[in-house]
Amino acid sequence: MEFVNPEGLRLDGRRPMEMRQLRAEIGAVARADGSAVFEMGNTKVIAAVYGPREVQNKSQQSNDQALVRCEYTMANFSTGDRKRKPKGDRRSTEISLVIRQTMEACILTHLMPRSQIDIYVQVLQADGGTRSACINAATLALADAGIPMRDLVTSCSAGYLNSTPLLDLNYLEDSAGGADVTVGFLPKLDRVTLLQMDAKLPVDIVENVMQLAIEGCKAIATYIREVLLENTKQLEYRRGL
Ligand code: UDP
């Protein structure tokens, strides 16, 4: 199958280095301490953050840092008939762990000892790159909750199909069997905090594809900063400041 046509366009009309349309909305869950919806093209996820709050299971309490918990689920309607189990399967458990570790790397947990932060992320519509979209949504939700962070962690994937590096794979591209590199990036600190790869990739290409994913993360960070700034302006406006 051809993933980039002779005009240099992908199946959804994007250029190889082009990201899908981003859209974010802060404060989607009124009862949560922080929440956000994040869309990357047709992939749409929601994140809700609760905390810092009292640790529910005291045996897990730490006197040095906050306990961070994360649950990734897929809504029953998120993938049509392709979806297997909404939660509790190996994939969801692995993605929950990956997101938790990524968010832990940016939360200043030592400032909130003996407390717990719960991050719930749910996929509303899946079209590839759901773990990245969830990390981006979780970052916004944590910022909305006022959780102190050392940086705004963002995530994006890049792949390699028909000898062409492609930014931000959709489901069709993701399921083509080529390599898929997902990166979590701390833009201010210039540090990679998550790196996952499916399938095989020639060694000399790995860095190229990873760099492309990093560029994607940087673009998302710029967008997220704009969204947060706009949100702050609106809050100030409503408070009459
Ligand atoms: N997918 C699906 N059903 C499932 C799991 C995944 O349809 O039970 C699709 C969904 O579109 C997802 C894509 O496969 O985004 C790629 O899944 P992967 O495990 O690579 O994680 P992701 O790219 O979403 O982080």
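The model is predicted.

UniProt, in an unreviewed entry, places the feature "domain: Exoribonuclease phosphorolytic" at residues 18-148 and 151-216. Over residues 151-216, the chain is 27% helix and 42% strand, and the C-alpha atoms at the two ends are 16 Å apart.

We start with the sheet of five strands. Its order is S1-S2-S3-S5-S4; it is open, and the pairing is mixed. Strand S1 (22-26) and S4 are at the edges and have a single partner strand each, so one side of each has no neighbour in the sheet. From one strand to the next, the twist averages 15 degrees.

The pairings can be followed from S1 across the sheet. S1 runs antiparallel to strand S2 (residues 34-40), and five bridges link the two. Within this pair, arginine 23 has glutamate 39 of S2 as its bridge partner. Further along, strand S3 (residues 43-54) and strand S5 (residues 115-125) are antiparallel and are joined by nine bridges; here valine 49 is opposite isoleucine 119 in S5. Leucine 67 faces glutamine 116 of S5. In general, the strands of a sheet pair through backbone hydrogen bonds, in either the parallel or the antiparallel sense.

Two helices pack on this sheet. Helix H2 lies across S1, S2, S3, S4 and S5, and its direction is at about 150 degrees to S2.

How are H1 and H2 placed relative to each other? Helix H1 (residues 90-104) and helix H2 (residues 130-144) have axes 10 Å apart and pack at an angle of about 40 degrees. Angles under 35 degrees count as roughly parallel and those from 65 to 115 as roughly perpendicular; H1 and H2 are therefore oblique to each other. Their crossing is right-handed. On the H1 side the contact involves Ile95, Val98, Ile99, Thr102 and Met103, and on the H2 side Arg131, Cys134, Ile135, Ala138 and Leu142. By class, the residues of this contact are eight nonpolar, one polar and one charged.

H2 also meets helix H4 (residues 203-238): the two axes come within 11 Å and cross at roughly 30 degrees. That angle makes H2 roughly parallel to H4. The crossing of H2 past H4 is right-handed. Asn136, Thr139, Leu140 and Ala143 of H2 make the contact with Ile220, Ile224, Val227 and Leu228 of H4. The residues here are six nonpolar and two polar, with no charged residue.

Seven bridges connect strand S8 (residues 179-186) with S9 in the antiparallel sense, and phenylalanine 185 stands opposite valine 192 in S9.

Note on methods
Residues numbered from 1 in each chain as written. Predicted model: local features only at pLDDT ≥ 70, side-chain atom pairs only at ≥ 80, totals over all residues. Axes fitted to C-alpha atoms, helices over the stretch in contact; angles between N-to-C directions. Helix = DSSP H or I, 4+ residues; strand = E, 2+ residues; numbered from the N terminus. Parallel < 35°, antiparallel > 145°, perpendicular 65-115°, else oblique. Left-handed = near helix turned anticlockwise from the far one by under 90°. Contact = placed C-beta atoms within 7 Å. Nonpolar A, V, L, I, M, F, W, Y, C, P; charged D, E, K, R; others polar. UniProt positions renumbered as here; feature names shortened; annotations may be inferred. Pairing = 2+ DSSP bridges.
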